[in-house]
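User: I am new to this structure and would like to understand the terms used to describe it. Could you take me through them with care?

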Amino acid sequence: MRRRYQRFWLIGIILASMSLFGLDSNIRRMKYSSRSEKEAVRWQEDVRGALFGILKMEDLVSTETPLPFEKKELREEKLKSYQQIELEINSTRRRKIPVILTLPNKAGGPFPAVVCIHGHGGTRYSVHDRSSVYKGFAAALAESGFVTVAVDVGQHEIFEKDRTLMGERLWDLMRCVDLLLSLENKVDRERIGCAGLSLGGEMAMWLGAMDSRVSAAVSSGFLTVMDQMEQNHCLCWKFDGLRELVDFADIYSLIAPRPLMCQNGLQEEPKDFYVPIARKAMDEVKVIYEDFNRPQNAFLDVHEGGHEIHLPSLMEFFHKYLTIRNDSMKFVENKEKGFLTVRDGKDDVLTYRFGDQLKEGIDPEQTRSCYIHALYSLDGQVLTDDFPKDHLHHHGVFWTWPIVKTRDQLTQTWHPHSPSLRQYFVRWLKREKKNGTAIISVENVWKLDNREVVAKEIVTLQIHPADNTSRALDLELKIQAVGSSLTLQGTPDQNKGYGGLSIRGAPMFTGASMSTDRGMLEEDSTNVPFYWADLSTKDLGVAIFVSPDHPDFPITWLIRNSYAGFINASWPGLDPSVLEPDESVTLRYRIYVHRGDRTTGKVREAYKQYLSLFPKK
Ligand SMILES: [Zn+2]
């Protein structure tokens, strides 16, 4: 008895001295630390239970059947692609709240849905305002075929007795989720997300954390630590008992393993939602995602802006995690004819030609394989041409070189030549579906005179799901010299330097507009460096993006619209590239297929988005 008392006394002294040195054990008692997946789930349940307690929401969340909405429609507006409905619903028995709901005009459904949340000084209308820091993300989602809902969370008064401010705000958002779930034919219950900026980013954190019906969350302009929020900020984030339990990273950790994107702008000041602090907080959030074996599901989007929504990555995030059905991609193989078509739902995306191809009536020496034709638009038009009469050696999306030196001989894969050199299919390495994308990977070889292997080629294609505007296809070519060195070079003819990845457009691209990162081209261009090039009619287009890790980046291009469309990312151009035996080179590109011209097709934004996938050096 006496000894136990002594021990408590000792612990008391230790605790007291810890708090003297700032190691207050009464702060963040439930901090997450790495553990097994099963224990992580239990930690989440414990923390949620404790938080609902201090939020004074236990009675609300323990009700079995949701309170009837008693919807009252206040206003309805039919817009071009969606309908905007303002209504009033019951939040609690005593309290009614106004909400803005949008529903896509298009037939079908159920659709994915997003709860859109404003920040301090805003209202439910702010998230629809394109000229604001919210970039009208609710309107952008609504136009893209999402159901959206917005409600006011900016109050600083507590409405009901024995509630908390944060608890009332969160409950109103959970009622928005209830509302979405009640629209059974319109909303897919497996695909509900939430997003917000600033206080809205904080509320997106809370909603994602506390309501597991939310499948994906974007928290913009908020990721930080509580010590930072104690200074220079409205203290409405704080309530009794919170700091004793957790820090923000722990609340975000309740979202795991569901996808979470935080956005913090580089223009944020050190006293605000400063990127270096956000990075540290995200490192803490990552721990539980690692424990769930889904480290890629939590990430920080550091953008160039300030305290604002970064719309391109928000849209990409929700398209990736909410619009995609993981089973929509299919592979349809025709072994006899040597091709494989990738289909997304009912739409053909492209056909990869692995077997020997030859058009009737054409010299057999023109036989080729290992290229893509056709590449399809989002509406099913064929974008490419194969064996066109004007250039029999053009094959859809293809990669060949006008000068190849191997075994001390000069040859090429561009045109038929003597000695001959061309690609042959060896085997499939991958044909799989992953996170809504389709991946194919193929091993090919280059044979000299149809016999001797002089190079090995690994082609990997990742086909991303389409949104309303576009579809991205990532292409990686790895070429390895076999047996002796291999020299690749663009054509020296009139210093054009072309060779490498090319797209031969269908006849519709004759006279199409040609544009690059430096603007529109008035005429055909050769041997000029660009980051990307696009060919567009007024209805559709296709572009090639070059990855920033490409050798000799930025590389030169051949771009033409004179006889049809033709784009070639010319590498290595006029200066030869020599691969020593067994040495390889990896070339990465994104092919971007879009509706509309380069502006409505958002080509420039899409390239910026592509760049953001590569770590900054
Ligand atoms: Zn406040």
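**Domains and sheet**

Analyst: The C-alpha centres of domain 1 and domain 2 lie 41 Å apart, with domain bounds that come from an automatic or database domain assignment. This is a predicted model, in which local features need pLDDT of at least 70 and side-chain atom pairs count only at pLDDT 80 or more, while totals for chains, interfaces and linings use all residues. Residues are numbered from 1 along each chain as its sequence is written.

User: Which residues does the assignment give to domain 1 and domain 2?

Analyst: In the protein chain, domain 1 takes 24-169 + 178-323, and domain 2 takes 397-611.

User: How do you know that domain 1 is in contact with domain 2?

Analyst: Two residues are in contact if their C-beta atoms, placed from the backbone, lie within 7 Å, and 8 residues of domain 1 are in contact with 7 residues of domain 2.

User: What makes β1 and β2 a pair, and in which sense do they pair?

Analyst: Strands are DSSP runs (E, at least two residues), numbered from the N terminus, and two of them pair if DSSP finds at least two bridges between them. β1 and strand β2 (residues 82-90) have 6 bridges in the antiparallel sense, so they count as a pair by that definition. Within β2, L87 is the bridge partner of E73.

User: Why are β1 and β9 called edge strands?

Analyst: The open sheet has 9 strands in the order β1-β2-β3-β5-β4-β6-β7-β8-β9, with mixed pairing. In this sheet β1 (72-78) and β9 (298-303) are the edge strands, as each pairs on one side only.

Definitions and conventions: Helix = DSSP H or I, 4+ residues; strand = E, 2+ residues; numbered from the N terminus.
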